[in-house]
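These are my notebook entries on one structure. I list what I looked up, in the order in which I looked.

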Amino acid sequence: MVTESLIAACYAALTAITYPISFLGIQFRIAEMLLILCFFDKKNVIGVTVGCVLVNIASALGPFDILFGGLATLVSGLLLGYIKYLGIGLILAIAINSFTVGAELFYILHEPFWVS
């Protein structure tokens, strides 16, 4: 539980430090690099997902970002945890997060879909 708490805190801190690019139209989250920890230990999915959900409370997109951002991180982390090949897992995680966040920005902020 301590490890998961530390991962969640690191995710929240990295996102807070990079707030201008982590929220709204850009949504470039450096903290998402912590997803690689899920490849090495499936339990780390909890910490990364909790960190994402907690930091999304501060998002201007509100409950949509909490729900869909958290789900995208959860699915990406689970895929990374269960796929044997890191490269394939990372490509899938990037694709899932890009599609989910891009769709969210398109429907809420009416941003072009490819901006994500």
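**Entry 1: α5 against α6.** I looked up which residues of helix α5 meet helix α6, taking contact as heavy atoms within 4.5 Å. On the α5 side I found Phe 64, Asp 65, Phe 68, Gly 69, Ala 72, Thr 73, Val 75, Ser 76, Leu 79 and Leu 80. They meet Leu 86, Gly 89, Leu 90, Leu 92, Ala 93, Ile 96, Asn 97, Thr 100, Glu 104 and Ile 108 in α6. Sorted by class, this contact has twelve nonpolar, six polar and two charged residues. The classes are nonpolar for Ala, Val, Leu, Ile, Met, Phe, Trp, Tyr, Cys and Pro, charged for Asp, Glu, Lys and Arg, and polar for the others, Gly among them.

I note that this is a predicted model, where local features need pLDDT of at least 70 and side-chain atom pairs count only at pLDDT 80 or more, while totals for chains, interfaces and linings use all residues. Residues are numbered from 1 along each chain as its sequence is written, and side-chain values use heavy atoms, with hydrogens and water left out.

Next I looked up the geometry of this pair. Helix α5 covers residues 63–82 and helix α6 residues 86–109. Helices here are DSSP runs (H or I, at least four residues), numbered from the N terminus. The two axes are 8 Å apart, and the packing angle is about 170 degrees. Axes are lines fitted to C-alpha atoms, for helices over the stretch in contact, and angles run from 0 to 180 degrees between N-to-C directions. α5 and α6 are therefore roughly antiparallel, a term for angles over 145 degrees. The crossing of α5 past α6 is right-handed, that is, the near helix is turned clockwise from the far one by less than a right angle.

**Entry 2: α4 against α5.** I then moved to helix α4, residues 44–56. α4 packs on α5 at about 165 degrees, with the axes 9 Å apart. This pair, too, is roughly antiparallel, and its crossing is right-handed. From α4 I noted Val 45, Val 48, Thr 49, Cys 52, Val 53 and Asn 56 in the contact. From α5 I noted Asp 65, Ile 66, Gly 69, Gly 70, Thr 73, Leu 74, Gly 77 and Leu 78. The class count is seven nonpolar, six polar and one charged.

**Entry 3: α1 against α4.** How do the axes of α1 and α4 cross? They cross at roughly 35 degrees and come within 7 Å, with α1 covering residues 2–17. I recorded a right-handed crossing here. The α1 residues in contact include Ile 7, Ala 8 and Tyr 11, and those of α4 include Val 48, Gly 51 and Cys 52. By class the contact has ten nonpolar, five polar and one charged residues.

Entry 4: I checked Ser 76, which is in helix α5. Is Ser 76 buried or exposed? Ser 76 is buried, at 0% relative accessibility; buried means under 20% relative accessible area, exposed over 50%, and partly exposed in between (1.4 Å probe, protein chains only). Leaving aside neighbours within four places in sequence, Ser 76 is in contact with Leu 35, Ala 93, Ile 96 and Asn 97.

Leu 35 is buried, with a relative accessible area of 4%. Apart from residues up to four places away in sequence, Leu 35 touches Val 48, Thr 73, Ser 76, Gly 77, Leu 80 and Asn 97. The C-alpha atoms of Leu 35 and Val 48 are separated by 6.6 Å, and the two are 13 residues apart along the chain.

**Entry 5: Lys 42.** I found Lys 42 in the loop between α3 (36–40) and α4. Lys 42 is partly exposed, at 42% relative accessible area. Not counting residues up to four places away in sequence, Lys 42 touches Gly 81 and Tyr 82.

**Entry 6: cysteines.** How many disulfides does the structure hold? I found zero, a disulfide being a pair of cysteine sulfur atoms within 2.5 Å. For Cys 38 the nearest cysteine sulfur is that of Cys 52, 11 Å away. Cys 38 is buried at 0% relative accessibility, and Cys 52 is buried at 2%.

Definitions and conventions. Helix = DSSP H or I, 4+ residues; strand = E, 2+ residues; numbered from the N terminus. Parallel < 35°, antiparallel > 145°, perpendicular 65-115°, else oblique.
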